[in-house]
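The points cover the nonpolar cores and the disulfide.

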Amino acid sequence: MTWGWSTKFAFRRNNGISIGLGIALLALLSGCQATPTAPPARHVVLQQQWELDRGDRVAGYLVSAGLGDVSIELGGDSVHAPFDGEVAPAAGQPSCVYFSSSDVPAYLFRFCGLRRPHLGTVRYGDTMGSGEILHFATLRRHPDGTWAIVEPSNNILERSLQPPLQSARP
């Protein structure tokens with residue numbers, strides 16, 4: 001089949017219109033996608049109560065960590081999700097987030113000191129935020145629904161501080 005000038009022009013014109021409609025449709029559909037929203041702040045009831053806790057003030061100075069927190073000098077480095085899970089803001093603790101995962105359902109991990117934390121669903125190794133000093137605590141769920149601060153796992157902390165090798169990602 002040989003195409004004359006008018007056939008080629010009509011083909012290009014129709015193809016151009018189809019491409020233009022496709023681009024417009026993609027732009028319309030991408031504009032309609034739901035934007036991810038941050039999970040609500042997580043309120044955790046601790047079993048332990050101490051006289052001094054993070055957020056308190058002593059002689060006018062803010063207490064930035066409490067009993068059970070391990071403080072790490074990050075020097076601006078990133079903190080990574082130790083498993084697939086979710087990062088939620090900590091209710092009443094503006095510089096803290098809680099990380100939870102179905103891989104370790106009886107535990108909750110509190111990370112304080114992260115700048116601009118990534119809230120919501122994360123995958124193992126995703127950056128959750130960065131900071132100068134990280135205050136890390138491990139909480140264990142009790143049958144009555146309360147949480148207790150327990151000794152942190154070195155392994156979980158290492159998984160949070162070192163990005164996984166690409167081959168280690170599931």
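1. A nonpolar core here is a set of buried Ala, Val, Leu, Ile, Met, Phe, Trp, Tyr and Cys residues joined through side-chain atoms within 4.5 Å. Note that the model is predicted. Its largest nonpolar core has 17 residues, and those with the most contacts inside it are Phe99, Phe111 and Met128. At least two residues of this core come from each of strand 6 (96-100), strand 7 (107-112), strand 10 (133-141) and helix 2 (154-161).

2. What does methionine 128 touch, leaving out residues up to four places away in sequence? Its partners include Phe99 and Phe111, two of the residues named above for the most contacts inside the core. Also touched by methionine 128 are Val79, His80, Ala81, Val87, Leu114, Arg116, Pro117 and His118.

3. There is a second, separate core of eleven residues. Among them are Val44, Leu46, Cys96 and Leu139.

4. The disulfide count is one. The bond joins cysteine 96 to cysteine 112, with an S to S distance of 1.9 Å. Cysteine 96 lies in strand 6 and cysteine 112 in strand 7, 16 residues apart, so the pair links distant parts of the chain. The torsion about the S-S bond of cysteine 96 and cysteine 112 is about 110°, which means that the disulfide is right-handed.

5. Cysteine 112 is buried because its relative accessible area is 0%.

Methods: Residues are numbered from 1 along each chain as its sequence is written. This is a predicted model: local features need pLDDT of at least 70, side-chain atom pairs count only at pLDDT 80 or more; totals for chains, interfaces and linings use all residues. Side-chain values use heavy atoms; hydrogens and water are left out. Buried means under 20% relative accessible area, exposed over 50%, partly exposed in between (1.4 Å probe, protein chains only). Helices (H or I, at least four residues) and strands (E, at least two) are DSSP runs, numbered from the N terminus. Contact means heavy atoms within 4.5 Å. A disulfide is a pair of cysteine sulfur atoms within 2.5 Å.
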